[in-house]
Amino acid sequence: MKIEDLLEEAKFYFVSQKYDLAEKFFKEVLKKEPGNKEALFNLALLYEVTNQFDQAKEYFERVLEVDPSNKEARDHLDKLTEL
Amino acid sequence: MQFLVIGLGRFGKAVALTLASKGHEVLAIDKDESRVTEVEDKVSQALVIDSTNEKAMKSLGISDFDYVIVCMSSNMEASILTTMIVKDSGAKKVVAKAGTEVHAKILKRIGVDKVVFPEAEMGQRVAESLSSPKIFDYIELSEDYSIVEIVTPDVFVGKTLAEIDLRKKYGLQVIAIRRKVPHLNEDTGQVGYDTKVILAPGPDQELLKGDILVVLGETPKIEQFKKL
């Protein structure tokens with residue numbers, strides 16, 4: 001499967017609240033392209049939604065490694081640190 | 001409603017600004033001018049007044065306020081004197097912040113309607129939440145009963161409230177569920193989420209991964225449940 005298709009599939013499962021499947025597809029993307037910003041961000045968001053904050057922080061940090069000026073990731077990370 | 005907030009340290013400032021943001025009429029006072037300046041644009045009125053000055057305080061029309069909140073606690077003497085002045089001036093309801101147990105006891109004796117102990121209460125909440133990473137918040141209702149916010153244990157994910165039957169098995173009542181609901185923004189293709197509160201959830205309510213259960217029950221039973 002192409003990366004775009006995997007991302008589509010993952011996002012579909014994410015909004016359908018099938019979190020295990022969504023996680024699996026986002027991770028597939030990262031296997032093919034470890035620095036894929038969209039997969040990293042969405043995976044972080046998925047962990048935030050499911051209240052797995054340590055993982056959420058780890059992935060938002062990875063977003064900032066590939067895109068240091070990503071304001072959205074920075075905002076999420078700040079919010080998670082305040083919890 | 002009308003509120004008089006006395007003392008604009010961190011606690012008093014937060015009280016004044018939150019009340020004002022909720023649309024209440026707030027008069028905020030402090031003897032320190034810089035603290036008054038910090039809030040003057042955000043509350044109905046802010047004045048530099050020494051709250052231990054009885055004459056100045058009486059000129060405020062204290063009996064017109066629905067609540068008087070005495071927020072200074074580091075200076076116990078000033079807090080007690082201020083509380084006595086506002087009580088004497090006909091305050092309808094007085095809430096006061098205490099710094100120590102002794103301070104709290106004195107405030108109660110002089111007729112404060114509610115004593116708040118933010119450091120102690122927050123300390124207890126932080127300790128609860130750190131001792132069990134699944135606990136988000138903790139409120140002790142009495143010596144016997146508490147309310148906790150707890151992440152749904154994995155063993156309950158995918159099950160309905162009827163199936164897990166917390167009332168029968170643990171004597172606990174789920175009073176609400178806080179859930180983050182993801183959605184797709186059609187324009188940007190980005191996923192976002194909203195937080196939804198399901199109040200008094202029915203028995204058919206299925207639990208999802210990440211749901212936060214707001215649970216009420218006897219404290220020892222809550223302790224048992226936390227171990228799941």
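1. Helix 4 of chain A and helix 5 of chain A run roughly antiparallel to each other in this predicted model, and that description follows from the packing angle because anything over 145 degrees is counted as roughly antiparallel. The angle between helix 4 (residues 53-66) and helix 5 (residues 71-82) of chain A is about 150 degrees, and their axes lie 9 Å apart. The crossing of these two helices of chain A is left-handed.

2. The residues that make this helix pair can be listed from either side. Helix 4 of chain A contributes A:Phe53, A:Ala56, A:Lys57, A:Phe60, A:Glu61, A:Val63 and A:Leu64, which meet A:Ala73, A:Arg74, A:His76, A:Leu77 and A:Leu80 of helix 5 of chain A. Sorted by class, the residues of the contact between helix 4 and helix 5 of chain A comprise eight nonpolar, one polar and three charged.

3. Turning to chain B, there is an open sheet of six strands, paired in the parallel sense and arranged in the order 3-2-1-4-5-6. From one strand to the next, the twist averages 15 degrees.

4. Within chain B, strand 1 (residues 2-6) and strand 2 (residues 25-30) pair in the parallel sense over five bridges, and among the residues involved is B:Leu4, whose bridge partner in strand 2 of chain B is B:Leu27. Strand 2 of chain B is also mostly covered, since five of its six residues are buried.

5. Which chain gives eleven residues to the contact, and which gives ten? Chain B supplies the eleven residues, while chain A supplies ten residues. On the side of chain B that touches chain A, the elements that give two or more residues are strand 9 (173-184) and strand 10 (191-199) of chain B. The largest share of that side, four residues, comes from strand 9 of chain B. By class, the side of chain B that touches chain A holds seven nonpolar, two polar and two charged residues.

Terms used:
Residues numbered from 1 in each chain as written. Chains lettered and ligands numbered in written order. Predicted model: local features only at pLDDT ≥ 70, side-chain atom pairs only at ≥ 80, totals over all residues. Contact = placed C-beta atoms within 7 Å. Nonpolar A, V, L, I, M, F, W, Y, C, P; charged D, E, K, R; others polar. Axes fitted to C-alpha atoms, helices over the stretch in contact; angles between N-to-C directions. Parallel < 35°, antiparallel > 145°, perpendicular 65-115°, else oblique. Left-handed = near helix turned anticlockwise from the far one by under 90°. Buried ≥ 20, exposed ≤ 12 C-beta atoms within 10 Å, placed from the backbone. Pairing = 2+ DSSP bridges.
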